Amino acid sequence: MKNPQAKGMGYEKRYVGMNVRFEESGKMTPLTVLWEDGREIPVDRVLSFGRAPSHVGSVMPVRYVCMIGGRERELYFESVCRRWFVEIKYREDDPAQRSE
C-alpha cells in the first residue's frame, strides 16, 4: 500500500483462513490464504514480518509483507484472538465497493 493516506480511499478488515507452517522455534510462516468463497491463494514468499499498525482497528498485529501472485501484499495476524486478516482498499465515494 504505497500511499495509505490517499484522499478518498478507505480500508475494510476482512478475516481470512490461513494455512501456516510452524517451526520448532515457534516461527510462523503463512503458506496459503483461504477465502470464504473457497479460493486458496498460495503465498509465494514472505519478504518481512513484525509488529506494525494496520489501517483498520486492531491491537498492533503482526504484519507479514508477502509476494502473492507476483505482487506485494500485506497479511496481518492478531495474536490476541489468533485470527488472520487482510485489508481491502475501497473508494470512499463508491459504496458499491464495500462489502458491509
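**View 1. Strand 1 and strand 2 are joined as antiparallel neighbours by 6 bridges.** In this predicted model, Phe22 has Met28 of strand 2 standing opposite. The hairpin made by strand 1 and strand 2 has 5 residues between the strands, and within this hairpin Gly26 adopts a positive phi near 100 degrees. Strand 2 is mostly covered, since 5 of its 7 residues are buried.

**View 2. Strand 2 also runs antiparallel to strand 3, to which 3 bridges join it.** Here Val33 stands opposite Ile41 of strand 3. The hairpin of strand 2 and strand 3 has 5 residues between the strands, and in this hairpin Gly38 takes a positive phi near 100 degrees.

View 3. Strand 1 and strand 7 (residues 83–91) pair in the antiparallel sense over 8 bridges, and the bridge partner of Gly10 in strand 7 is Tyr90.

**View 4. The largest nonpolar core contains 14 residues, and those with the most contacts inside it are Val16, Val33, Tyr64, Leu75 and Trp84.** Two or more residues come from each of strand 1, strand 2 (28–34), strand 5 (62–68), strand 6 (71–78) and strand 7, and strand 5 gives the most to this core, with 4 residues. Leaving aside neighbours within four places in sequence, the contacts of Leu75 include Met18, Pro30, Val33, Val43, Val62, Tyr64, Trp84 and Val86. In soluble globular proteins, nonpolar side chains tend to be buried together.

View 5. Although Glu12 and Val86 are 74 residues apart in sequence, their C-alpha atoms are 8.3 Å apart in space. Glu78 is likewise buried, with a relative accessible area of 8%, and its side chain is joined to that of Lys13 by a polar contact of 2.8 Å. Not counting residues up to four places away in sequence, Glu78 touches Lys13, Tyr15, Gly57, Ser58, Pro61, Arg83 and Phe85.

**View 6. Among the 5 aromatic pairs of the structure is the one formed by Tyr15 and Phe85, whose ring centres are 6.2 Å apart and whose planes stand at 75 degrees, so the pair is edge-to-face.** Because Tyr15 lies in strand 1 and Phe85 in strand 7, the pair ties together parts that are 70 residues apart in sequence. Tyr15 counts as partly exposed at 32% relative accessibility, whereas Phe85, at 0%, counts as buried.

**View 7. Phe49 and Tyr64 form a stacked aromatic pair, with 5.4 Å from centre to centre and 15 degrees between the planes.** The pair links distant parts of the chain, for Phe49 is in strand 4 and Tyr64 is in strand 5, 15 residues apart. Phe49 counts as partly exposed at 48% relative accessibility, while Tyr64, at 4%, counts as buried. Phe49 and Tyr64 also belong, together with Phe77 and Trp84, to one aromatic cluster.

Methods
Residues are numbered from 1 along each chain as its sequence is written. This is a predicted model: local features need pLDDT of at least 70, side-chain atom pairs count only at pLDDT 80 or more; totals for chains, interfaces and linings use all residues. Side-chain values use heavy atoms; hydrogens and water are left out. Two strands pair if DSSP finds at least two bridges between them. A nonpolar core is a set of buried Ala, Val, Leu, Ile, Met, Phe, Trp, Tyr and Cys residues joined through side-chain atoms within 4.5 Å. Buried means under 20% relative accessible area, exposed over 50%, partly exposed in between (1.4 Å probe, protein chains only). Contact means heavy atoms within 4.5 Å. A polar contact is a pair of N or O atoms within 3.5 Å; within protein, one must be able to donate a hydrogen and the other to accept it, and residues adjacent in sequence count only if both atoms are side-chain atoms. Rings of Phe, Tyr and Trp (its six-membered ring) pair if their centres lie within 6.5 Å; planes under 30 degrees apart count as stacked, over 60 as edge-to-face and the rest as tilted.
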